[in-house]
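Please read it alongside the sequence and the model.

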Amino acid sequence: MAHKLPKKDVVIIGLGWTGSIMAHELTDEGLDVIAIERGPWRDAPTQYPPNYAQDELRYRIRHELFLRPEQTTFTFRNKMDQTALPIRTWGSFMPPNGVGGGGVHWNAETWRFLPSDFVLKTHLTQRYGASFLPEDMTIQDWGVTYDDLEPHYDTFEYLCGTSGTAGNLRGKIQEGGNPFEGSRSRPYPTPAQAQPFSHTLFGKAARELGYKPFPQPSGNLSKAYTNPLGVRLGPCTYCGFCEWFGCGNYSKASPQTTILPVLVRKSNFTARDNSEVTRINIDRSGKRATGVTFVDTAGEEWEQPADLVILSAFTVFNVQLLLLSKIGEPYDPVANKGVIGRNFTHQTISTVNGFFDNKKFNFNPFIASGSIGMCIDEFNGDNFDHGPHGFVGGGYMGQVQTNGRPIQTTPVPPGTPTWGAAWKAAVRDNYLSSVVPGTGVHGSFYSYRDVYLDLDPTYRDRFGRPLMRITMDFHDNEIKQNAFLTDRFAEIIKAMGANQVAKVYRKAPYDATQYQTTHVCGGAIMGADRPTSAVNRYLQSWDVPNLFVTGASAYPQNAGYNPTGTLCALAYWSAAAIRNQYLKNPGPLVDA
Amino acid sequence: MGVSRRHLLASTAFWLVGGLSARAAIIADRLPWAPNAGSPPVPVKPGPWLFFTGPEGRAVEAIADRIIPADPQTPGGKDAGCAVFIDRQMAGPYGRQDGLYTKPPFLKGTPQQGLQSEAGPAQQYREGLSALDRYCRSKYSNRAFAELADVDKDEVLSGLEHGKVKLEGTDGAAFFEQMITDVKEGFFADPIYGGNRDMVAWRMIGYPGARYNYLDWVHRHNERFPLPPVSIAGRADWTPKSR
Amino acid sequence: MPKRATSIVLGATAVLVPLLVAMKSVVATVPDSQAFGQIERGRYLAIAADCVACHTVLDVGKPFAGGRPIETPFGNIVAPNITPDRDTGIGAWTDEQFDNAVRRGIRPNGERLYPAMPFTAYTKMSREDVLAIRAYLKTVAPVQNQVVTNTLPFPFNIRAAMRVWNALYFTEGEFKPDPQKSAEWNRGAFLVQGPGHCAACHTPKSFLGGDKTSEYLRGSYLQGWFAPNITNDPRTGLGHWSASDVATYLKTGHNRATAATGPMAEAVKYSTSQMTDSDLAAIATYLKSVPGQQDNPTPVRADDPSMVAGQAIYRDQCSACHSLDGHGVPQLFPSLADSSIARSSDPTTLIRMILRGARSVATAAEPTAPGMPSFAWQLDDAQVAAVVTYIGNAWGSAAAPVSAQDVSRARSDLRGRTD
């Protein structure tokens, strides 16, 4: 029998980016808020100080900051006719755990989606006709537009101090920025980061080929900054220990460096760490959430009642909690019915490595930040005519190499043996003079009928609850998209002056052991229509109006950009709807 | 200095029936801090093997020295300490598969589904090295791997890599993959983990190590970075030289 | 008005006014728990005097209910309950008894208070001030909390010995304004010498624990920290700070040069951050008028082995926050180049920050509260000594070199500490 705690106005499940944004907005509204976080407290001076944070083995190879699969994991299969097996050690994505969530160890690449991304179905159908789209592609419009979200993108970027060069300022295209981006109302709060040698060289080569390169928008700040909450950040020192690592010197935007210092001082805010929410409790009508049940490290169950529940856990855990709490109709891919679990997506990543003359080029790859790089957007979204190519979607590409950490970054030219004297010599001769972009091609991943989430029939977590089962494979559309983009990218790498380029295409089947960003999205998607979405345009559950579900689980499909900027903008958008509409009149904000 | 509110709540839990405090920290009023918080790494100490037996250690040293042979500029895998690295790793959480999901059933899956092994790396080394030893002794006149001529060692390793050499009871190719990964990790990881002794691997490639500040270098393009590498445990220059 | 009526009125007034004045002075010196003005004054003075920080087990205990152990060189003294509880607090005390305790260090039973209670400073306050504090304390929630205060070991538990101590170190008397100085200076002097009791931490002590008045505010070791020199000394004090820097520091806990940590973080949080801007400006004006020792040690040479090693450590480990030029990031990472702590005669605070780390104070104006990480596990005694020596002598500054033994002593001292 769970111990019952005193009621709060709001309970927030998960204290990552969107949880922190929601907590800040709702406490400002005067509500009494508690956030419940499965993982531990995290902070730079104690958990990732700049005297032992720079440990590749510990953090990149052994995944120390991430969720331990022992605590919980997912099962995976490519196709519905296979048996899903547990992901026993993380591979293709790394779920976060702890206060700050992925915001602690992300790269801080802070993009906006294109205006056309939000009305993708309508846009592509209008331009290319419905038959141009694969029959089993299930893309949808989002129910919100870029213009709805613009002020909230702005709020998030100013919260973080994002460093960048505007490309479209109030409708006017700006030199040096991304000419394809949606109109922004203000410049970035800080200037773009400095670009090291290879990144600058990529920009030069791209320009010579007729593209319009621009610096990647970065949450690793180019200079000291004080955000609107009064919290201070320092300048990034290009240490090269960004993604997978906590930032030791307060220069990477995270909930810790932008919101939490102010949030914890509020008398109407409390957080519990090391507490895993196991269920959202619903009353007998099935239409009202009464709070959550969570388990502490002693295994004791507690009930936290609340009037408003915000589900801000990582994508897959959002969907899991909805399914286990019996909220919304589970997706059945065979019958093509239900919404909870459908439209699950990831990212289509590839790269091209370049090998240069080591007597002429010294790239010092260890000098970098998480969102360094010059990029081009000519091949993202629908920025180019897809007609001749037979696929839809695209992504940005760039020399976005974030590090030169040697365990992972010892490229050798194709054909080099994988061990022995020849390998050793090749490593020595190429380390400083090779370009290893990493997520050089960052392509979209659209949604399909047979790519989805549901509950595994066999494998369980330590509470005996079913693990989430991921059924995911690449479809021809994404593979074609990637081949085209990778070839374009290779042209630029060659034009930089490489002696040799090694294309690493993304190939099917989807491999759960190869890291491809942690941009898993969907499963509890937003939309204008109740039958095809789990939450409405304000992220409010269609089924349980006092439940809002934030994060990338809302994405009907994933675009060709890193998702964090957009999901934080959506969180602000949703918080505004709660503050200005919902609280005055609790109930469905959109007629079903 | 003051004790945080969490202690208040924890202590009052004894007074209130049922308690209002779960076993978890309650974060309120201030950012948590305590002296000695965090978990700095514990450098590996040189010394006897913690996991390997003598013969196993010798075999791994020999393997490391073929995967990364010595050359006039840079030591090989053995002298760089790769076997020490692997030994300490096998004796620790990585070897035991701590933190991984180890619930059954263990079924054979597709390559895309990843490792589905009940046996962790430590157990695989034990079995793999034993099988390798038996193979070498049976093929090479009762000699252990470490006793073979270099050309024979390479033949064995290459055979494992390409599946031509089959080990009894063990997937030889998978074992070779494991070893090559571990040897390279040991070579390039921070010296505190036992390999990359004296940062030889970092010196070889020109990697400055565990540094955090390149603000004065980000604008200097195409120039050799002049400072020597530094480990998390420091570098020789940190200690004042006696006169 | 007819002439005779006026004179009657005037006559009456002539009698009444002195009476009223007399009554007023009688009324004013009685703490009146209904006189809001007096209570407000008392609340503010209690903040300036920081009563709550010593008389409360912070964050856990009820305000002013006592029980907090105060570390002294002679052992721990526990601060008593000063809530209005009659049995365990001071609810049954007379005003005279309260005033005797605060300004003379004498308890109602005649026993002497130890100078951990800074009556040597509070003596500067007037009787009116003290009774205002009493009026405020009377409105605080009474708490039943019996505190055992006699906790010093023999022979220091012989309170009668305080007679001798007082004869040596206690000069009774209210603050006398200096007519040659401005009103602002005088206000600052009163606050610093009186309720602020800054000398209690910042003036070095004799072996008997009394103030070395000739070294007023030049810094003192206590509780595992070195409270720095807060005179206007250009090398080791506030000489490089503007008055505005001082006021900003006291108000927010941070300024362009440094951040309040440890016991000063407490003083900022519970006391100075809640004082008025004009009072903080007055304190700044006064402190910057206090002369320092103005010494000029020879800087340690850049090629000294300690400096060479220290520079290497600094580049590798410190510069990512404190920057290569030592100026850090304003309001985030203290400027070591401008730091008086870095050049203190006693390097305890700097050594301790490096070994232990610290969390700086969060105030409404400066909520970030950046933390310094701990290096104790990473740097040995000689290395810490080298980098401390480097920090004190780089960037055009000068300080005495620090030895490995200094660091070793600091390490042992820190071992049992909880902050």
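## Strand pairing in chain A

V292(A) has Q304(A) in strand 14 of chain A as its bridge partner. Strand 14 covers residues 301–311 and runs antiparallel to strand 13 of chain A, with five bridges joining the two. Strands pair if DSSP finds at least two bridges between them. Helices (H or I, at least four residues) and strands (E, at least two) are DSSP runs, numbered from the N terminus. The two strands form a hairpin with five residues between them. In that turn, G299(A) has a positive phi of about 85 degrees.

V292(A) is also the bridge partner of I280(A). Strand 12 of chain A (residues 276–282) is antiparallel to strand 13 and joined to it by six bridges. Their hairpin has six residues between the strands, and G286(A) takes a positive phi near 80 degrees there.

Strand 13 (residues 289–295) is largely enclosed by the rest of the structure, because six of its seven residues are buried. Buried means under 20% relative accessible area, with a 1.4 Å probe and protein chains only.

## A covered helix in chain C

Helix 14 of chain C (residues 348–356) is mostly covered: nine of its nine residues are buried. Among them are T348(C), I351(C) and R356(C). The buried residues pack against strands 3, 4, 5 and 6 and helices 15 and 16 of chain C. Contact here means heavy atoms within 4.5 Å. G357(C) follows the helix, with a positive phi near 75 degrees.

## Basis

This is a predicted model: local features need pLDDT of at least 70, side-chain atom pairs count only at pLDDT 80 or more, and totals for chains, interfaces and linings use all residues. Residues are numbered from 1 along each chain as its sequence is written, chains are lettered from A and ligands numbered from 1 in the order in which they are written, and side-chain values use heavy atoms, leaving out hydrogens and water.

Notes: Buried means under 20% relative accessible area, exposed over 50%, partly exposed in between (1.4 Å probe, protein chains only).
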